[in-house]
Amino acid sequence: MLTMLTSMYLVVRAVSPQPEPIRVVVTGAAGQIAYSLLYSIAKGDVFGKDQPIILVLLDIPPMLPVLDGVVMELQDCALPLLREVIPTDKVEVGFKDLDAAILVGSMPRKEGMERKDLLKANVAIFKTQGAALDKYAKKTVKVLVVGNPANTNCLIASKSAPSIPKENFSCLTRLDHNRASSQVAMRCGVSSDKVKNVIIWGNHSSTQYPDVHHAKVNVHGSETPAYDAVKDETWLRGDFISTVQQRGAAVIKARKLSSAMSAAKAICDHMRDIWFGTKEGEFISMGVYAAGNSYGIPEDLIYSFPVEIKNKTWKMVDGLPINDFSRAKMDATAAELVEERDTAMDFLSQ
């Protein structure tokens, strides 16, 4: 009997070898978001429990000594899926043969800095990184931009990588999406997994529009429209929206540091959904290329829409009814993105 079981085990092992390692880069890898993120990626929470990983850590030269410490810690975690860790400050090393790129690093806004100065600094960074992706990464690479201003940084990276499909670029609004889901869940006294199909429209900024008109809440086993479950339209159209819009600033005020743990969790959710797809009947929010949208949003933008994902390909959820309240908020955040894009494109052409 034992011999038979052993031979069956060997047959199973023979037909299901472990897949080849994938190469994943995290930029800004010495920073606090990366510190909360890298362990989850390396232990298999994002790309699969049987998917070996080569983790590339890219940061600026002054941060290399810190990266050495991060490498030591990853080694000391003794994670079986982590085949290699490569710390570097060179894009030709960092972006070579990539399967996934998580672009966390960006120029943070400093005190007294004008928004256009911030845009100018980040255009330079994401132009360089986009060109490096174009030159060194696989054409199938999935690129997630986290560094702010995320939507416009993502657009610049995509424009600087013309040989990589625009659909392969997305920016993170999943943190806002998770914040919105959590606020509704707390209000209804349910766990956050009982809330689905909230939407973040537009920019990852304080003009974003968290929309629950299409959301459902599972209350006592029955799916209920969010407005009916919450039973407080004043809150949903007022404090709920401003809480989600201003949550990042509230975290900074309390911690004296920006969101890291929650940002890392959102990055994991976003990339896992790209890799494995969204659940049937559910959609999530992602900043994606607006071309061909059915909501009257200008096309040459990275704008957050509701999307479903299958076979590593996202598809916009089309045809949701939009009331006048939503329309005004969707247009306001689009206007901000158009202005950002036009300023960034001026810098890009210089």
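1. Start with the "binding site": UniProt, in an unreviewed entry, lists Asp59, Asn122, Val146, Gly147 and Asn148 for it. UniProt positions follow the numbering used here, feature names are shortened, and annotations may be inferred rather than shown by experiment.

2. A quick word on what you're looking at. This is a predicted model, where local features need pLDDT of at least 70 and side-chain atom pairs count only at pLDDT 80 or more, while totals for chains, interfaces and linings use all residues. Residues are numbered from 1 along each chain as its sequence is written, and side-chain values use heavy atoms, with hydrogens and water left out.

3. Now find Asp59, in the loop between strand 2 (53–58) and helix 3 (64–76). Helices (H or I, at least four residues) and strands (E, at least two) are DSSP runs, numbered from the N terminus. Is Asp59 buried or exposed? Asp59 counts as buried because its relative accessibility is 14%; buried means under 20% relative accessible area with a 1.4 Å probe, protein chains only.

4. Who are the neighbours? Leaving aside residues up to four places away in sequence, Asp59 touches Gly28, Ala29, Ala30, Gly31, Leu67, Thr88 and Asp89, where contact means heavy atoms within 4.5 Å. A polar atom of the Asp59 side chain lies 2.9 Å from the backbone nitrogen of Ala30.

5. Asn122 sits in helix 5 (residues 115–136). Asn122 has a relative accessible area of 0%, so it is buried. Beyond residues up to four places away in sequence, Asn122 touches Ser106, Met107, Asn148, Pro149 and Asn153.

6. Back to strand 2. Why is strand 2 largely enclosed by the rest of the structure? Because 6 of its 6 residues are buried. In a regular strand the side chains alternate between the two faces of the sheet. Here Ile53, Leu55 and Leu57 are buried on one side, and Ile54, Val56 and Leu58 on the other.

7. Strand 2 runs parallel to strand 1 (residues 22–27), joined by 6 bridges; two strands pair if DSSP finds at least two bridges between them. Strand 2 also pairs with strand 3 (residues 82–88) in the parallel sense, over 6 bridges. In that pairing, Val56 stands opposite Ile86.

How values were computed. Buried < 20%, exposed > 50% of the residue type's maximum accessible area, 1.4 Å probe, protein only. Polar contact = N/O pair within 3.5 Å; in protein donor to acceptor, adjacent residues only side chain to side chain.
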